[in-house]
Amino acid sequence: MADNTVPALRWGSTISHVIWLAVFGGFCATSLYFSWWTWTHWFSYVLVGITLISAVWSIGLRPVYLHKHFRYGFTEEFLQIKSGAFHERYELIPMTKIQAVSTNQGPILRRFSLYYLEIETMGSSHDIPALPKEVAIEVRNQIARYAKIKEVDE
């Protein structure tokens with residue numbers, strides 16, 4: 001993973017949490033302004049509180065843990081993905097089961113010149129997040145070559 005992975009993940013989480021706080025804050029203000037039932041006030045306070053606690057995890061801690069504890073590797077036969085700090089998850093994906101490999105980039109990843117790789121198999125999808133452009137394209141092409149995926153003209 002790239003050095004600017006943590007800031008990219010933090011920006012993405014910050015934007016989504018600001019949007020949710022605006023929605024829940026609007027609900028809270030509306031319930032107070034129109035003098036709705038008392039339980040709606042408490043419900044909106046709980047939603048805002050849960051969102052703030054989630055923000056601490058998603059903005060402060062999760063990007064660091066993801067950066068430190070995510071690994072991938074591949075050979076001609078298998079793609080290996082390891083993730084998780086508390087609950088470690090090891091995935092071993094046979095190259096013969098891979099059907100498609102794509103690089104994706106949203107506006108935040110574009111700002112940091114990062115891509116994430118999406119690997120699709122017969123029954124599931126696997127991601128390799130926040131790779132620099134050159135690495136993402138090279139890994140995509142190498143996996144496609146090992147999996148014998150034919151490229152379709154766009």
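Contact is taken here to mean heavy atoms within 4.5 Å. By this criterion, and not counting residues up to four places away in sequence, I128 touches F70, Y72, I81, Y115, Y116, L117 and I119. The structure is a predicted model, in which local features need pLDDT of at least 70 and side-chain atom pairs count only at pLDDT 80 or more, while totals for chains, interfaces and linings use all residues. Residues are numbered from 1 along each chain as its sequence is written, and side-chain values use heavy atoms, with hydrogens and water left out.

The chain contains four helices and six strands. These elements are DSSP runs numbered from the N terminus, with helices (H or I) of at least four residues and strands (E) of at least two. Read from the N terminus, their order is α-α-β-β-β-β-α-β-β-α. The C-alpha trace spans about 65 × 40 × 30 Å along its principal axes. The radius of gyration of the chain is 20 Å, whereas a compact globule of 154 residues would have a value near 15 Å; the radius is taken over C-alpha atoms, and the globule rule is 2.2 Å times the number of residues to the power 0.38.

Of the 154 residues, 30% are buried. Buried denotes under 20% relative accessible area, exposed over 50%, and partly exposed the range in between, with a 1.4 Å probe and protein chains only. The chain exposes about 10,200 Å², and carbon and sulfur atoms supply 61% of this area. Among contacts between residues at least 6 apart in sequence, 43% join residues at least 24 apart. The chain carries 14 positive and 13 negative side chains, and the centres of the two sets lie 6 Å apart. Lys and Arg count as positive and Asp and Glu as negative, without His and the chain ends; each charge is placed at NZ of Lys, CZ of Arg, CG of Asp or CD of Glu.

The interior was described in terms of nonpolar cores, that is, sets of buried Ala, Val, Leu, Ile, Met, Phe, Trp, Tyr and Cys residues joined through side-chain atoms within 4.5 Å. The largest nonpolar core has 18 residues, of which L79, I98, L117, I119, I128 and I143 touch the most other members. Two or more residues of this core are given by each of β2 (78-83), β4 (98-104), β5 (114-121), β6 (125-132) and α4 (133-147). Helix α4 supplies the largest share, four residues. Another core, of five residues, lies apart from it and includes A8, L109, F112 and A130.

T5 lies in helix α1 (residues 5-33) and counts as buried because its relative accessibility is 0%. Leaving aside neighbours within four places in sequence, T5 is in contact with H67, L114 and A130. P63 is found in helix α2, and its relative accessibility of 1% is the reason why P63 counts as buried. Residues touched by P63, not counting those up to four places away in sequence, are V6, L9, R10, W57 and S58. The C-alpha atoms of P63 and A8 are separated by 8.7 Å, although the two residues are 55 residues apart along the chain.

In helix α4, V135 and N141 were considered. V135 has 33% relative accessibility and so counts as partly exposed. Its C-alpha atom is separated by 9.5 Å from that of L114, 21 residues apart along the chain. N141 is likewise partly exposed, because its relative accessibility is 31%. N141 and V101 are 40 residues apart in sequence, and their C-alpha atoms are 8.3 Å apart in space.

Backbone geometry was noted at two loop residues. S35, in the loop between α1 and α2 (38-69), has a positive phi of about 55° although it is not a glycine. With 59% relative accessibility, S35 counts as exposed. S113 is placed in the loop between α3 (107-111) and β5. This residue, also not a glycine, has a positive phi of about 55°. S113 counts as partly exposed, because its relative accessibility is 48%.

Notes
Accessible areas come from the Shrake-Rupley method with a 1.4 Å probe; for residues, only the protein chains shown count as cover.
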